[in-house]
Amino acid sequence: MPRHYRLAIVLIIAATASAIDIGAQQAAIPTPESSLGFIVGSDFKLATYDESIVYFRKLAAATNRIRLIDVGKTSTGHPWTLAVISSPENLARLDQLKGIAQRLAHPAGLTDAEARRLASEGKVFVDISGGLHASEIAGSQHTIQLAYDLLGHADDPKVKAILDNTVLFLWPSINPDGQNIVVNWYRENVGTPYEVSPLHEVYQKYIGHDNNRDAYMLNVVESRVVARTWREWEPQIIYVQHQTAPFPTRIWLPPFAEPIAPRVPALMSRQVNTIGMTIAQALESNGQVGATHMGTGFDAWYPGYIDYMPMLQNINAYWTETALYRYATPHFYTLNDFPRDMRDLRPQSLYPSPWPGGWWRLKDAVDYMRTASMATLDYASKYHEDILYNRYQAGRNAIKRYAAEPPYAYVIPQAQRDPGTAAEMLRRLAFNGVRVSQLDRDATFDGATHRKGDWVIPMDQEFAELVRQLFDVQEYPDLREYPEGPPEQPYDAAGWTLPLQMGVNVIEVRSPMTADTRSALRPVRARPTDWRASDDAPFSTDSIAAGIVAPAAAITGSGDKLAVDPAQNDAFRLISRALAGGGAVRTAPAGKGLGTRYVVSGVPMARLEGWARELSLRAERVSLSGAGVPAARVRIAVFKPWTASMDEGWTEWLLDQYGFRYTVIAPADVRAGDLESRFDVILMASESPRTITDGFGEGTVPPRYAGGVGAAGSRALDAFVRAGGTLVCLNESANYAIDALALPVKNVVAGVARKDFFASGSILEVITDPAHPLMAGMPQRANVFVDDSPVFTTLDGFEGSALAKYAPSGSPRLSGYLLGEKYLQGNAAALDVKHGRGRVVLLGFRPQWRGQPFGTFRTVFNAALFSQDAATNAAGTPGFWTAKKP
Ligand SMILES: [Zn+2]
């Protein structure tokens with residue numbers, strides 16, 4: 001604990017114990033321990049989110065230096081609170097200060113002189129949170145104490161300056177559900193042999209740790225609540241607490257490792273670097289040793305971090321990583337625990353006070369975080385004018401830049417294979433503050449005419465760099481661990497180019513827009529006040545994005561059944577509704593070169609048409625004969641290991657988004673066997689074979705969460721498929737199925753050294769067979785997201801077909817990083833493997849990765865629907881590639 005705070009706390013405790021009256025308008029500021037019953041950070045003690053909010057309410061009742069804001073609800077409907085802390089004067093004119101923050105964030109038409117004036121009148125809005133990785137639990141505990149450090153010491157000169165010069169937006173947590181889950185789990189286990197057991201479920205609905213990978217996609221409610229709040233207040237500094245310091249260092253601080261996102265404004269990078277150094281200095285002067293800026297792979301290449309993406313909106317955004325043992329359990333370290341090259345405790349330039357080992361407690365982590373947050377506030381207080389003016393400058397520079405150089409704009413035509421997905425992409429940008437326009441008449445860009453209704457993103461806007469970072473092709477730099485050595489692994493994805501992942505045609509405008517073209521642009525963004533209107537409604541109805549809608553439905557033909565083109569993702573929403581309503585669905589070839597359509601029957605045409613109109617679908621009434629698959633025969637199971645699988649969560653997210661019904665099954669359900677009497681399809685998300693087979697080891701978690709499917713489960717899955725079932729394996733779980741079911745298939749990149757083959761988190765091109773029902777709706781040249789993905793070749797005895805293959809020559813890399821394309825050339829990315837009377841579908845890519853590759857979602861739906869359809873409708877299963885590799 002910083003020494004001067006400790007002294008101050010002693011004085012305050014003395015004062016509250018004896019005196020009643022501290023100030024005319026101030027009641028005694030309650031201490032956290034008076035509310036929680038323990039000192040924040042005590043061994044074995046954690047506060048839930050709800051308990052922390054009880055304390056924040058007591059603070060709000062005691063002082064006029066804090067205001068609580070209800071920001072909305074979490075994924076589970078839990079109320080969510082944000083605390084605003086500043087001087088009473090600032091809080092009294094918060095709306096005026098917000099106006100200044102908004103004006104500087106959106107600087108079109110502002111002069112430098114006006115911006116200077118606003119910067120001197122405004123206050124720095126600093127957004128600090130207890131984090132979102134709930135098991136990194138010190139973050140959500142430190143926010144409780146930080147509130148008291150400020151409000152209980154408002155007369156301390158340094159604190160007073162902070163309250164006068166800044167407005168702190170303090171989120172007790174940006175994952176309230178997760179904090180409750182983790183604390184309740186720990187309370188269940190503390191004092192038992194399972195005290196430090198890992199969680200058996202993800203700590204945020206669906207996605208767990210991926211909650212910090214969703215910043216630009218905004219797939220989950222929590223991401224949208226946070227984004228909406230930031231757009232309402234436009235903070236200039238955003239700081240999120242994490243806890244994964246590279247051992248044995250005690251806290252990792254920016255600057256970030258290489259490479260950084262290339263579109264981030266240099267001014268923001270410089271400022272964040274300075275803040276990182278400022279925090280390190282504050283820690284050192286408090287005697288808190290062991291801060292470092294290196295030794296990690298915490299690069300900032302991927303822009304999906306909620307605590308880094310705002311850099312592309314001209315905000316100083318960063319995270320730090322304090323050391324963690326587990327929960328509130330203390331741990332003693334000796335030098336023998338350290339990596340060999342760290343045992344000499346040699347001071348290094350960016351690690352000059354090596355941590356020597358000893359006890360590490362939750363309290364230590366909380367205190368490091370308090371110092372770091374205070375140092376941030378102190379920096380903001382001292383340099384408030386510069387910070388405000390730099391926000392303005394970065395936005396002004398982006399506007400100027402793209403008024404003078406390409407890309408001047410992006411055009412997104414309404415005529416797309418999947419217009420609904422184009423709208424989904426643009427809504428996400430709009431929600432993140434990007435201005436989208438629409439043509440109110442035909443107009444010319446780069447000499448080409450675009451149609452009335454087409455969307456346009458003019459790039460002379462302040463958040464233009466965010467658009468480029470999402471639309472550009474990523475060229476991940478070829479950095480090696482040593483010359484001729486293996487590539488440095490990206491900390492996260494290497495390539496994410498949204499138009500490629502989503503299958504949306506986006507046209508870059510390379511020459512300046514004429515005045516005539518510009519006059520055809522009509523902004524479709526809702527007013528800023530509408531940011532608050534979305535609450536927890538599904539994304540597509542959020543008012544901010546509501547102006548962006550796909551072109552109206554087109555329904556043609558006559559007949560009593562409706563044929564829909566599965567190139568449109570929303571066609572699957574219609575199908576799932578029909579199945580839920582007792583209808584039936586089958587595939588039908590649409591004609592040569594046109595791929596496969598789904599034909600829906602058994603539901604009144606008026607209802608089908610109503611859905612098609614609501615979903616803006618192209619559809620055709622038909623009177624095809626032939627049996628469909630009745631709803632009762634599409635019984636989908638999703639396998640869920642006890643290892644808190646994010647990819648399993650994303651699979652549930654995907655099925656929920658599109659309205660599919662399914663049953664979640666645990667390892668014990670698989671071991672119990674007789675799966676064929678319960679299910680037609682079993683989906684396995686991307687898991688390592690070991691996770692599926694073994695799960696958590698006996699003794700490491702409470703017995704009910706130990707183990708995997710084991711040998712009995714493998715036999716049960718084999719029997720399920722042989723009896724006619726369909727097992728769908730996404731990405732890594734294909735390796736499990738190949739082995740467990742002894743499939744005549746080989747993963748050709750298994751065991752290949754990283755210096756020879758490396759393809760992680762990138763977008764590659766495959767050639768599909770769109771006539772095969774499993775590839776229904778896919779273009780012939782399709783983009784897939786790979787991430788440690790298997791690559792298949794077939795062995796003697798193989799029956800089935802290749803669904804997607806890599807081209808026999810050239811590099812399939814579209815965005816990201818690929819080393820060793822020869823391992824891909826001519827091999828398969830997806831296979832349909834016949835096995836007994838059933839089949840195993842191996843998808844050697846990540847079709848639903850973080851809810852981003854909208855272009856491959858349909859491969860999962862096709863696989864789920866195909867199970868019984870194949871038996872009744874043999875059409876469209878050509879010999880694209882059977883038996884053997886050609
Ligand atoms: Zn974290």
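Colleague: Where does leucine 579 sit in this model?

Modeller: Leucine 579 is in helix α18, residues 571–580. Keep in mind that this is a predicted model.

Colleague: And why is leucine 579 called buried?

Modeller: Its relative accessible area is 12%. Buried means under 20%, so leucine 579, at 12%, gets the label.

Colleague: On to threonine 768. What makes threonine 768 count as buried?

Modeller: Its relative accessibility is 2%. The cut-off is under 20%, so threonine 768 counts as buried. It belongs to strand β31, residues 760–768.

Colleague: What does threonine 768 touch?

Modeller: Leaving out residues up to four places away in sequence, threonine 768 touches Met775, Met778, Pro779, Gln780, Ala782, Leu803 and Ala804. With proline 779 there is a specific pair of atoms: the backbone oxygen of proline 779 is 2.8 Å from a polar atom of the threonine 768 side chain.

Colleague: Why is alanine 464 called buried?

Modeller: Alanine 464 has a relative accessible area of 0%. Since buried means under 20%, alanine 464 is buried. You'll find alanine 464 in helix α15, residues 464–471, and it touches Tyr402 and Met459, not counting residues up to four places away in sequence.

Colleague: What makes α12 largely enclosed by the rest of the structure?

Modeller: The count does: 19 of its 21 residues are buried, so the rest of the structure largely encloses α12.

Colleague: How do α6 and α13 cross?

Modeller: The axes of α6 (residues 112–121) and α13 (residues 384–404) come within 8 Å and cross at roughly 145°. The crossing is right-handed. From α6, the contact uses Asp112, Ala115, Arg116, Ala119 and Ser120; from α13, Glu385, Leu388, Tyr389, Tyr392 and Arg396. By class, that contact has five nonpolar, one polar and four charged residues.

Colleague: Now the backbone. Which peptide bonds are cis?

Modeller: One joins proline 254 and proline 255, with omega about 10°. Proline 255 is in the loop between β6 (251–252) and β7 (257–260). Another cis bond runs from glutamate 258 to proline 259, with omega near -5°, and proline 259 lies in strand β7.

Colleague: What is phi at asparagine 314 and at aspartate 674?

Modeller: Asparagine 314 has phi near 65°, a positive value in a residue other than glycine. Aspartate 674 has phi near 55°, also positive in a residue other than glycine. Asparagine 314 is in the loop between β9 (299–300) and β10 (316–322), and aspartate 674 is in the loop between α21 (667–672) and β28 (681–684).

Colleague: Why is asparagine 314 called buried, and what makes aspartate 674 partly exposed?

Modeller: Asparagine 314 has a relative accessible area of 1%. That falls under the 20% limit, so asparagine 314 is buried. Aspartate 674 has 49% relative accessibility. Exposed needs over 50% and buried needs under 20%, so aspartate 674 counts as partly exposed.

Notes
Residues are numbered from 1 along each chain as its sequence is written. This is a predicted model: local features need pLDDT of at least 70, side-chain atom pairs count only at pLDDT 80 or more; totals for chains, interfaces and linings use all residues. Side-chain values use heavy atoms; hydrogens and water are left out. Axes are lines fitted to C-alpha atoms, for helices over the stretch in contact, and angles run from 0 to 180 degrees between N-to-C directions. Helices (H or I, at least four residues) and strands (E, at least two) are DSSP runs, numbered from the N terminus. A crossing is left-handed if the near helix is turned anticlockwise from the far one by less than a right angle, and right-handed if clockwise. Contact means heavy atoms within 4.5 Å. Ala, Val, Leu, Ile, Met, Phe, Trp, Tyr, Cys and Pro count as nonpolar, Asp, Glu, Lys and Arg as charged, and the others, Gly among them, as polar. Buried means under 20% relative accessible area, exposed over 50%, partly exposed in between (1.4 Å probe, protein chains only). A polar contact is a pair of N or O atoms within 3.5 Å; within protein, one must be able to donate a hydrogen and the other to accept it, and residues adjacent in sequence count only if both atoms are side-chain atoms.
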